[in-house]
Amino acid sequence: QGGAGGAGGAGNTGSMATGADAAGEDHGASSPDVSDDEGGDSDAEEELVKEQQLRRKLEVSREVNGPDHVKTLERTLKLVSSLIGQYKLNDTEALLDGILPACKARGGSFYVRAIQSRAFCLFKQYKFEKALEVFHEQAGLVGPSAALFENMAHTYNSLGNYDQAGQYFLKAMACLGQEGCAGKKGGILLGLGIVRERQGDPNAALPILQQALAHYKQASTTEESSSLIAKAHMSVGQCHEVLNNLQDAATHIRHAVSIFEKTVGHSSPLTANALGVLGRILIAQDKPEEAEPLILESLNLEVAKDAFHADTVWRLLNTLKELWTEGTAQLRIQELNEKCKRYEPAIQKTSARIIELGLDKTAKEMGTVAVIYKTAAELFMLAGMYHQAQIYLQRALPLLEKIEDFDCSTLIQSCESSLDFIVNLL
């Protein structure tokens with residue numbers, strides 16, 4: 001799929017490929033995710049080398065030509081494309097902030113490519129409404145195209161506006177026509193399949209998703225070289241999960257994990273999501289010992305990524321808690337303590353990211369932060385680490401008491417009971 005840095009003219013727009021859930025919430029088939037590599041064929045180490053080369057070339061151009069020169073802008077856009085593909089969104093945002101005024105002043109393809117990259121970055125940061133605004137601005141500049149309609153459809157899908165998403169996917173298919181390459185048709189089909197699944201019809205969605213996977217395979221040199229194929233495996237696998245075909249689901253997600261490891265690297269959010277989904281499916285198959293390290297690794301990767309998503313982190317923490325409190329696993333107290341002590345580094349990193357981003361002071365995120373702290377405290381209690389549990393319960397309580405649009409009385413009572421238990425114990 002043509003990328004932001006690879007667009008050769010004002011009307012040549014890149015497109016998003018469906019994949020790991022962009023909002024971090026798994027509801028059957030995967031949600032759309034941004035991809036700006038041409039055919040999906042890539043290698044994580046090669047991308048890192050490419051990034052380093054682009055950074056060196058950019059520095060030279062800045063020194064020789066100045067920050068607003070055509071060569072500098074061109075090299076910046078190429079670096080931005082590489083960074084977006086690697087989910088290095090903080091660096092991406094900073095670079096775009098630096099060049100957007102100059103690109104706007106020059107107009108034409110420079111401005112189109114800059115705002116397209118901005119939209120891709122906003123999408124990966126879960127800022128879907130802002131991304132949609134930029135895509136509409138882009139449409140006003142370049143007119144209709146299959147890639148742009150597909151991008152808008154993915155964004156509507158992530159916003160939960162499935163009717164609009166379906167309409168834009170159909171518009172994209174109409175623009176593509178019968179002569180479109182298999183990979184581009186695959187992206188649109190995958191999007192349509194996800195819409196059908198989210199509209200509550202997984203039986204209708206599955207054959208569409210399978211057709212999309214076949215298109216991606218047809219468009220790629222080898223299955224193991226394409227992250228787009230991995231994203232298609234994710235969507236097919238999660239649709240199988242919704243249909244309770246757990247063995248088929250696990251098979252597809254394992255394929256996705258393997259391909260993501262090779263193409264985008266272990267630390268990618270795509271890999272993080274795939275590991276979490278695989279862990280969830282293994283839990284449904286009553287394989288807690290196999291699932292637990294996958295869930296924990298997914299948590300570690302989610303906590304570290306630029307676009308920290310509090311709800312995803314809470315879901316993973318809660319899965320770890322439920323694994324030992326509601327599952328079939330039978331452990332002695334000492335074994336349970338040792339298992340849960342391993343979660344402390346991830347919990348501490350989570351707390352640090354919350355404070356760094358000011359999420360505990362943001363009304364929109366306050367409820368999620370509160371339940372993160374409460375769940376973390378419960379994990380510390382399972383670990384026998386009662387002082388730490390007390391600290392996190394004391395963080396959760398005042399946040400829960402501030403929430404006005406949801407009845408938190410049961411959660412507050414639970415925190416108070418746990419604190420009373422800990423005080424008496426200590």
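A residue is called buried when its relative accessible area is under 20%, exposed when that area is over 50%, and partly exposed in between, using a 1.4 Å probe and protein chains only. Take Ala232 as a test case: its relative accessible area is 0%, so Ala232 is buried. Before going on, know that this is a predicted model, in which local features need pLDDT of at least 70 and side-chain atom pairs count only at pLDDT 80 or more, while totals for chains, interfaces and linings use all residues. Residues are numbered from 1 along each chain as its sequence is written, and side-chain values use heavy atoms, with hydrogens and water left out.

Now for the overall picture. The chain has 19 helices and 2 strands; these are DSSP runs numbered from the N terminus, with helices (H or I) having at least four residues and strands (E) at least two. Of the 426 residues in the chain, 56% are buried. Contact here means heavy atoms within 4.5 Å. Among the chain's contacts with a separation of 6 or more, 65% are between residues 24 or more positions apart.

Back to Ala232, which sits in helix α10. Which residues does Ala232 touch, leaving aside its neighbours within four places in sequence? They are Leu190, Leu213 and Tyr216. Leu190 is 42 residues away from Ala232 along the chain, yet their C-alpha atoms are separated by 7.0 Å.

Helix α10 also has a packing partner. Two packed helices are described by the angle between their axes and the distance between the axes. Axes are lines fitted to C-alpha atoms, for helices over the stretch in contact, and angles run from 0 to 180 degrees between N-to-C directions. For α10 (residues 227-242) and α11 (residues 246-263), the angle is about 160 degrees and the axes are 8 Å apart. Sorted by type, the contact residues come out as 10 nonpolar, 8 polar and 3 charged. Nonpolar covers Ala, Val, Leu, Ile, Met, Phe, Trp, Tyr, Cys and Pro; charged covers Asp, Glu, Lys and Arg; the others, Gly among them, are polar.

The expected span of a helix is 1.5 Å times one less than its number of residues. The 20 residues of α17 should span 28 Å, and its end C-alpha atoms are 30 Å apart, which agrees. Since 16 of those 20 residues are buried, α17 is largely enclosed by the rest of the structure. Just after α17, Gly384 takes a positive phi of about 75 degrees. Then comes α18 (residues 386-402), whose buried residues include Tyr392, Leu393 and Leu397. Helices α16, α17 and α19 are among what covers them.

Finally, two loops deserve a look. Most residues other than glycine have a negative phi. Tyr87, in the loop between α2 and α3, has a positive phi near 65 degrees. Asp286, in the loop between α12 and α13, also has a positive phi near 65 degrees. Are these residues buried or exposed, or something in between? Tyr87 counts as buried at 10% relative accessibility, whereas Asp286 is partly exposed at 47%.
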